[in-house]
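Thanks for coming, everyone. Let me put the structure up, and then we'll walk through it residue by residue.

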Amino acid sequence: MVLAGAGAYHLHSSTRTARFVPRTRVKICGLTRAQDVDAAVAAGADALGFVFYPASPRYVSIAQAAALMARVPPFITIVGLFVNADPAYVREALDSLPIQLLQFHGDETEADCLQYGRPYIRAARMRPGVDLVEYAACFPSARGLLLDAFVEGYGGGGKVFDWSLIPPAFDRPLILSGGLSADNVVDAVRRVRPWAVDVSSGVEAAKGIKDAGAIAQFISGVRDADG
Ligand SMILES: O=C(O)c1ccccc1N[C@@H]1O[C@H](COP(=O)(O)O)[C@@H](O)[C@H]1O
């Protein structure tokens with residue numbers, strides 16, 4: 001590996017040739033409290049996720065989200081997460097809030113995701129038998145594929161999936177999630193070399209309540225793995 005500014009050259013797992021990998025982006029998801037937004041920003045998060053799925057313990061209303069998002073400084077991406085939402089609700093959120101990227105985590109089709117004319121990432125619920133290449137081909141307009149473990153309730157389950165299900169030469173931006181924490185993120189980044197990692201449960205003291213120390217440790221682990 002050769003260090004190069006904010007990124008590094010790593011051996012590509014399938015071709016064994018060196019490939020430049022910029023620093024791994026970090027998204028902290030499921031923020032419900034002002035102090036947790038501040039902690040994620042202070043720790044160096046690249047993106048913050050807000051869950052607009054009423055069944056989630058991390059659900060925030062549009063009014064709550066407005067207050068939380070107002071704290072976010074420039075150049076940190078604000079992500080709105082939806083699960084099989086009524087399009088009118090998504091539109092209301094987009095009209096009222098500074099959401100920069102949509103995350104669709106339910107059973108949405110590409111047409112469902114595209115109707116808002118905004119950049120989006122599409123969650124793939126990973127379990128044995130899922131063909132990621134085939135799945136990704138259904139979402140050519142997605143800016144990236146977010147890989148999460150298949151869990152009841154669509155996501156945020158704190159469960160790790162088998163990373164060997166990811167095809168080695170997959171050529172779309174990958175956001176790795178599902179049961180990540182400071183304990184496994186170094187290994188995850190070194191093995192998968194994703195574009196970004198996304199975490200919710202693994203940096204929580206309780207559901208929807210983030211732990212500032214765990215967020216800082218998580219991001220520090222990602223930086224170590226990048227090093
Ligand atoms: O966070 C939630 O409650 C949630 C609910 C429904 C769909 C997705 C949700 N969160 C996303 O799930 C993954 C994995 O989270 P975890 O780290 O395993 O808890 C992550 O992308 C969250 O953004």
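**Arginine 125 and its surroundings**

Let's start with arginine 125. Setting aside neighbours within four places in sequence, arginine 125 is in contact with Asp107, Val130, Asp148, Phe150, Val151 and Tyr154. Contact here means heavy atoms within 4.5 Å. Before I go on, a word on the source: this is a predicted model, where local features need pLDDT of at least 70, side-chain atom pairs count only at pLDDT 80 or more, and totals for chains, interfaces and linings use all residues. Residues are numbered from 1 along each chain as its sequence is written, and side-chain values use heavy atoms, with hydrogens and water left out.

Back to arginine 125. It lies in strand E8, residues 120–126. Helices (H or I, at least four residues) and strands (E, at least two) are DSSP runs, numbered from the N terminus. A polar atom of the arginine 125 side chain lies 2.8 Å from the backbone oxygen of valine 151.

**The ligand**

Now the ligand. Which residues come nearest to the ligand? They are Ser56, Arg58, Gly156, Asp198 and Ser201, out of 26 residues around it. To count as near, a residue needs a heavy atom within 4 Å. By class, this shell has 8 nonpolar, 13 polar and 5 charged residues. For those classes, Ala, Val, Leu, Ile, Met, Phe, Trp, Tyr, Cys and Pro are nonpolar, Asp, Glu, Lys and Arg are charged, and the others, Gly among them, are polar.

Three strands each supply at least two residues of the shell: E4 (25–29), E9 (144–149) and E11 (196–199).

Next, oxygen atoms of the ligand. Arginine 58 has a polar side-chain atom 2.8 Å from one. For aspartate 148, the distance from a polar side-chain atom to a ligand oxygen is 3.3 Å. For lysine 27, a side-chain N or O atom is 3.5 Å from a ligand oxygen. Taken alone, the ligand exposes 510 Å², and the protein buries 99% of that. Areas come from the Shrake-Rupley method with a 1.4 Å probe; for residues, only the protein chains shown count as cover.

**Glutamine 103**

Lysine 27 has a partner. Its side chain is joined to that of glutamine 103 by a polar contact of 2.5 Å. A polar contact is a pair of N or O atoms within 3.5 Å; within protein, one must be able to donate a hydrogen and the other to accept it, and residues adjacent in sequence count only if both atoms are side-chain atoms. Glutamine 103 also makes a side-chain polar contact of 2.9 Å with histidine 105.

Where does glutamine 103 lie? In strand E7, residues 101–104. Is glutamine 103 buried or exposed? It counts as buried, because its relative accessibility is 1%. The cut-offs: buried is under 20% relative accessible area, exposed is over 50%, and partly exposed is in between, with a 1.4 Å probe and protein chains only.

**Threonine 24**

Threonine 24 sits in the loop between strand E3 (18–21) and E4. At 1% relative accessibility, threonine 24 is buried too. Its side chain makes a polar contact of 2.6 Å with the side chain of aspartate 226. Beyond four places in sequence, threonine 24 touches residues including Asp46, Trp195, Val222 and Arg223.

**Two loop residues with positive phi**

Asparagine 84 has phi near 50°, a positive value in a residue other than glycine. It is in the loop between strand E6 (77–82) and helix H3 (87–96). Asparagine 84 is partly exposed, at 38%.

Arginine 193 also has a positive phi, near 50°. Its loop runs between helix H6 (185–192) and E11. Arginine 193 is buried, at 17%.

**The cores**

Last, the cores. A nonpolar core is a set of buried Ala, Val, Leu, Ile, Met, Phe, Trp, Tyr and Cys residues joined through side-chain atoms within 4.5 Å. The largest has 58 residues, and Ile28, Leu48, Phe50, Phe52 and Phe218 have the most contacts inside it. Helix H7 (residues 212–226) gives this core its largest share, 6 residues. A second, separate core of 8 residues includes Leu101, Ala123, Ile175 and Ala196.
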